[in-house]
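Biologist: I would like to learn how to read a model of this kind. Please take me through some features one at a time.

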Amino acid sequence: MLTGITMIFIGGDARQLEVITKCIELDATVKVIGFDQMQKPLEGVEHVALQGDILSEADVIVLPVAGCDDEGNILTPFSSHSWALNDELFAAIRKDTLIFTGITKKLLKSKSGELGFKLIELMERDEIAIYNSIPTAEGAVMMAIQNTDITLHGSTCVVLGLGRTGFTLASTLQALGARVRVGVRREVHMARAIQMGWKPFATTDCKLYEGQIDLIFNTIPTMIVTAQIISKLPRETVIIDLASAPGGTDFRFAERRGVKALLAPGLPGIVAPKTAGKIIGNTICQLVLEEFHLRGDEK
Ligand code: NAP
């Protein structure tokens, strides 16, 4: 149980509602900032202002998946106000406070180093990334269906990158009857692809982008679908770029050549906020329990 633990949630989308629900179920004291415009008001929480004295009460602070940007701004789709963390607010956070965020940008990382609070970057954790890859793959399939006039069954799909997202996506496409090719750079991924019945190729080998390719799904977070590669693709090929912004596609050149290329950020939050929120909520609660148990703090 999270009895006696004060958790402050600052902003977030529908996923955060699931996390809040889970923490309330486990009896945490939950305070929220940026949830003043809900259709159905949140029950069991205290709405508070973003102030230093409030933040200094927090055992745990939960930021949205996107964390905060380098100006401290926090996404608050359920609020009519905009909220931001500034130097004064950061300074009010206690050293023993745990801060959860999905991803971390420069400001948050440097403040954690400077002020000593513990920052937990959820999307860096394998278990979260693997669970999250399920709604991501479903979202990618949804985008593929919406943006093509062919079935995935029988199509030729290229998945670039065989990490946590790429692997799940390649399996999902295969299960739908697509011919799957995977672009990788490591021998071990070549072997895994062959074992799975996918055709692997080295991402550096531009020749392998020739021939019929109906869809390219990119999960590599660096410029990989270059103008050189796009120039070899049939014009009907659709590129769905899942890698974090700015993606790994030369979107300018794709547009110029008339190849449809779409950046597809935040799919779990779009297609399955409830599932995505549960994944995050379970991990946060587990980590908070472990941390306070380790500290011998039976609150
Ligand atoms: P990951 O497990 O680290 O996988 C990334 C893969 O890219 C790895 O297999 C890596 O290969 C490969 N790679 C990196 N640089 C490469 C290069 N220069 N050439 C060839 N391969 C390269 O990451 P992930 O969890 O799958 O996430 C992938 C991306 O998707 C991230 O940007 C993440 O933020 C994003 N994402 C987006 C959504 C969405 O909704 N759009 C959802 C989840 C994740 P090695 O193993 O050889 O290093």
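Biologist: Across which strands does helix H1 lie?

Modeller: First, the ground rules. This is a predicted model, in which local features need pLDDT of at least 70 and side-chain atom pairs count only at pLDDT 80 or more, while totals for chains, interfaces and linings use all residues. Residues are numbered from 1 along each chain as its sequence is written, and side-chain values use heavy atoms, with hydrogens and water left out. Helices (H or I, at least four residues) and strands (E, at least two) are DSSP runs, numbered from the N terminus. Contact means heavy atoms within 4.5 Å. Axes are lines fitted to C-alpha atoms, for helices over the stretch in contact, and angles run from 0 to 180 degrees between N-to-C directions. Here, helix H1 (residues 14-25) lies across S1, S2 and strand S4 (60-62), at about 170° to S1. Helix H11 (residues 273-294) also packs on the sheet, touching S1, S4, strand S7 (98-101) and S8.

Biologist: In what order do the strands of the open sheet with S1 come?

Modeller: Strands of a sheet pair through backbone hydrogen bonds, either parallel or antiparallel. Two strands pair if DSSP finds at least two bridges between them. The order is S3-S2-S1-S4-S7-S8, with parallel pairing. Strand S3 (46-47) and strand S8 (118-121) are at the edges with a single partner strand each, so one side of each has no neighbour in the sheet. Between strand S1 (residues 6-10) and strand S2 (residues 29-33) there are five bridges; Phe9 has Val32 as its bridge partner in S2.

Biologist: What is the order in the open sheet with S9?

Modeller: That sheet has six strands, ordered S11-S10-S9-S12-S13-S14 and paired in parallel. From one strand to the next, the twist averages 20°. Helix H6 (residues 164-175) lies across S9, strand S10 (179-184) and S12, and helix H7 (residues 187-196) across S10 and S11.

Biologist: How many aromatic pairs does a search of the whole structure find?

Modeller: A pair of aromatic rings is described by the distance of the centres and the angle of the planes. Rings of Phe, Tyr and Trp (its six-membered ring) pair if their centres lie within 6.5 Å; planes under 30 degrees apart count as stacked, over 60 as edge-to-face and the rest as tilted. The search finds four. One of them joins Phe90 and Phe117, with centres 6.3 Å apart and planes at 10°, so this pair is stacked.
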